[in-house]
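Hi everyone, thanks for making time. I'd like to walk you through a structure that is new to the group, so let's get it up on the screen.

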Amino acid sequence: MCGIAGQFVLNGGEADADLVAAMAERLRHRGPDGEGTCFSGPVGLAHRRLAIIDLSDEGRQPMANEDGSLWIVFNGEVYNYLELREDLRALGHRFATATDTEVILHAYEEWGRDCLHRFNGMWAFAIWDNRRRELFCARDRLGVKPLYYTLAGGSFLFASEIKALLAHPAVGRKPNDRMLATFLAWGVADHTGETMYDGVFQLRPAHSIVVSAEGAGEPERYWDLAMNAAPRGADDDAAAGRVRDLLTDAVRLRLRSDVPVGTCLSGGIDSSTITFLINDLLRAERLESVGDRQKTFSVCFDDPRFDESRHIDTVVAATGVASHRTTPDTEGLWEDIERLLYMQDEPFASLSIYAQYCVMRLASDEVKVVLDGQGADEQLAGYIAYQMPYVRGLLRQGRILAALREAIGGAQHHRSFFSWAIRQSLVRSERRGLLRGDAPEVLRYAGSLDEVLAREITASNLPLLLHWEDRNSMAFSIEARVPFLDYRLVEYLAGLPLDQKIRGGVTKYVLRRAIRGLVPDAVRCRMDKMGFVTPEEVWMKDELRPHILDLFSTPEFSRRPFWDAERVLQNYREFLDGKSEYSTEFWRIACAEVWLRQFDGAGE
C-alpha cells in the first residue's frame, strides 16, 4: 500500500516543494490512486495512494489529527485496526474515517512511541509532531515494508524507495563499494543499515528513529526475537494445533480489504497451506474481498526440472480455485530485466525473482492484494542447508545418536541437494579470487540452528526476500501480504524447540503436522524445495549468452575494481563450452554491471 516521501530541513529553512513533489512522482507506481502533500515550515510530506481500505477521499494522506498537531504518511496495513479503534474509542478518541491510518495517529496520541507494540501488521510511516517539532519514523517488526533515508544539503530525506531519494542532486552519486563487493562475492544484501548507494541507509526492521532540528538520532530497536535453543520439549499435537490456530487467524486478518484479494500459489507447502486456509474461511464466512471463488496466481515452465504444475494441479483440484498461470520465457526478457532492476533499485542475486515479477504482473489484471507464503522457510528451517547447523549443534551438546539420526535422515530425504552443494563448493573453490569481498557476519554458519535461524529472520535471508517481494509487487501496484510473518506466529514458532522444525531430516515438522487433513499429502509431504524459480542456468547459457558476452567484453567492465574481468570472461566462456559448472556469480556480476552503468551515465 502506497509510497511515502518527505524532507526535514535541519537548519530551519523551508521545505522544498519541488523536491518533495519530484520524490513523490518517482513513487507513482506504488500509489496510482491519488497523491497528496503537506508542508509545515521545515517539513514536507508526500504520499502516493494505493487505495485498499476505505476507498473514499477520507482515506487520503498526508492525514492530520483533529487539531492539526500531528501529520502522518503511512505505507502498509495495520490488520488489527478494528480492534484498536474500539480500544481507543473506549479511551475517548473519536474517528472521522474508517482507515487504519487514523488509528495509528490516535494510537500515537494515546501511547506515544509505545504504540508500535500494539500494531499487528506491516508498516513504514513518518509522523510529524508539530508540538515536539520532531519527525518520528518507524518500520514494522520484520521489515515487510521499506523505509530509506539520507542526509543531504542540510536536510533529512526519507522515502519508500531509494529512487525517490535520488531526486536530490547530491544523493546516490556513487556506489557503496564495500556493500557491492560483499553482494558480488556472497550474494547477500539488506543485512545492515547500509545500502549499495553511498550515503543512503535503510531503517532496519523493528527500528524507529527520531529527527529534530538537531539532526537524526540513532535508530532504536523496539522489538527483538528470542529463539528457543532447546532440542526438544513440546507436545507435538498441542504445538501443531496452536500453529494451525495462529496461522488461520493471521490469514483471516490479512483478508481485510475493500478491494479484491488473491493468492500467490507456487505449489509448495507454504503457499498451498494459505490457499487451503482461505478456502476453509470462505466456507465458514462470507469474505467479500475474496469473492465466491478464490483466485490464485502461479508460474509454470516447459522444462520439467523447474515446473511445479503437478503440485499446483493437486491444489486446484482439491480447492476449486480459479487458477491463473504464466510462463516466463526469454522473449523480451532482457527488457523486462532492465525494468526489474530499476524497480529493485539495487542489483539482485539471481533470476529467480523474475518469476515472482511475472506472477505479480499476472495478478495485477485481477486483484490489488495478494497473500503468499513468504517467511515460513526461515522460521521453520525449510531450507535444506539448515540441516548442517542442526546436526552440528546436536554434536556440540553431546547428543551423538540424535545427530546421527538427523544426518542419516537428511541424506535420505535430500541426497540431490547435498550432491549439488558439494559441486557448488568446488566451483567456488576453483574461482576463489574472481571476486573481492569478505564474508559478512550473517554468512558465518558457526553455531547451532537457533542462532542461524535468528540471523536469517532478522538480519540475513528474510530481509532480502522481503525487499524483492515489495518491489516486485509494487511495480504493478499490488500489495503483498505475508501471514507467516504475523508477529504472534513468529514469536510462537521462535519459542518452539528445534525438533519441531527439523526431525529425522524432515523440515517444517510442526507445520506438516498442523496441516494434516487440510493439505493433500502429495503436497504436504513433498521434500523438494523450489518456490518461484527460473531456469537461470539454461537462460545464461543460451538466450542471454550474447547480452552477457557483450557486457563482459566492454572496456567499462574491464575497469571495474570489483572483479578480475579477464578471468570472469574466461570462466564464463568455459561454462558456455561445457568445460565447467554454472555459478550464480555470473548473473550477479552481469546485474551489477548494468546497475553500475547508471552511475557512469549520471556522471556524463
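I'll go through the record, then the salt bridges, some backbone details and the surface.

Some housekeeping: this is a predicted model, where local features need pLDDT of at least 70 and side-chain atom pairs count only at pLDDT 80 or more, while totals for chains, interfaces and linings use all residues. Residues are numbered from 1 along each chain as its sequence is written, and side-chain values use heavy atoms, with hydrogens and water left out.

Okay, the record. UniProt, in an unreviewed entry, lists residues 2-214 as "domain: Glutamine amidotransferase type-2". Its positions are given in the numbering used here, feature names are shortened, and annotations may be inferred rather than shown by experiment. In the model, residues 2-214 come out as 21% helix and 31% strand, with the end C-alpha atoms 29 Å apart. When I say helix, that's a DSSP run of H or I with at least four residues, and a strand is a run of E with at least two, both numbered from the N terminus.

The unreviewed UniProt entry also lists Val299 under "binding site". Valine 299 sits in strand S15, residues 295-299. Is valine 299 buried or exposed? Valine 299 has a relative accessible area of 5%, so it counts as buried. The cut-offs are under 20% for buried, over 50% for exposed and partly exposed in between, using a 1.4 Å probe and protein chains only.

The closest N and O atoms of glutamate 366 and lysine 295 are 3.0 Å apart. By salt bridge I mean a side-chain nitrogen of Lys or Arg within 4 Å of a carboxyl oxygen of Asp or Glu. Both ends are partly exposed: glutamate 366 at 32% relative accessibility, and lysine 295 at 26%.

How many salt bridges does the structure hold? The count is 38. Another one joins arginine 113 to glutamate 134, with 3.2 Å between the closest N and O atoms. Arginine 113 is in the loop between helix H3 (100-111) and strand S6 (121-129), and glutamate 134 is in strand S7 (residues 134-139), so this pair ties together parts that are 21 residues apart in sequence. Arginine 113 is partly exposed at 40%, whereas glutamate 134 is buried at 17%.

Then there's glutamate 194 with arginine 178, at 2.1 Å from N to O. Arginine 178 is in helix H5 (177-186), glutamate 194 is in the loop between that helix and strand S10 (201-202), and they are 16 residues apart. There's also a network of salt bridges linking Arg30, Lys145, Glu161, Lys163, Asp345, Asp470 and Arg471.

As background, most residues other than glycine have a negative phi, and most peptide bonds are trans. Aspartate 345 has a positive phi, near 75°. You'll find aspartate 345 in the loop between H9 and helix H10 (352-363), and at 4% relative accessibility it is buried. Lysine 508 also has a positive phi, about 55°. Its place is the loop between strand S20 (506-507) and helix H18 (509-514), and lysine 508 is buried too, at 4%.

And which peptide bond is cis? That's the one from glutamine 61 to proline 62, with omega near 0°. Proline 62 is in the loop between strand S3 (43-49) and strand S4 (63-64).

Last stop, the surface. Leu401, Leu404 and Ile408 make a nonpolar patch of about 310 Å², and leucine 404 is in helix H13, residues 400-413. Areas come from the Shrake-Rupley method with a 1.4 Å probe, and for residues only the protein chains shown count as cover. A patch takes residues with over 30% relative accessible area and no salt bridge, joining like charges within 9 Å, or nonpolar side chains (Val, Leu, Ile, Met, Phe, Trp, Tyr) within 5 Å.
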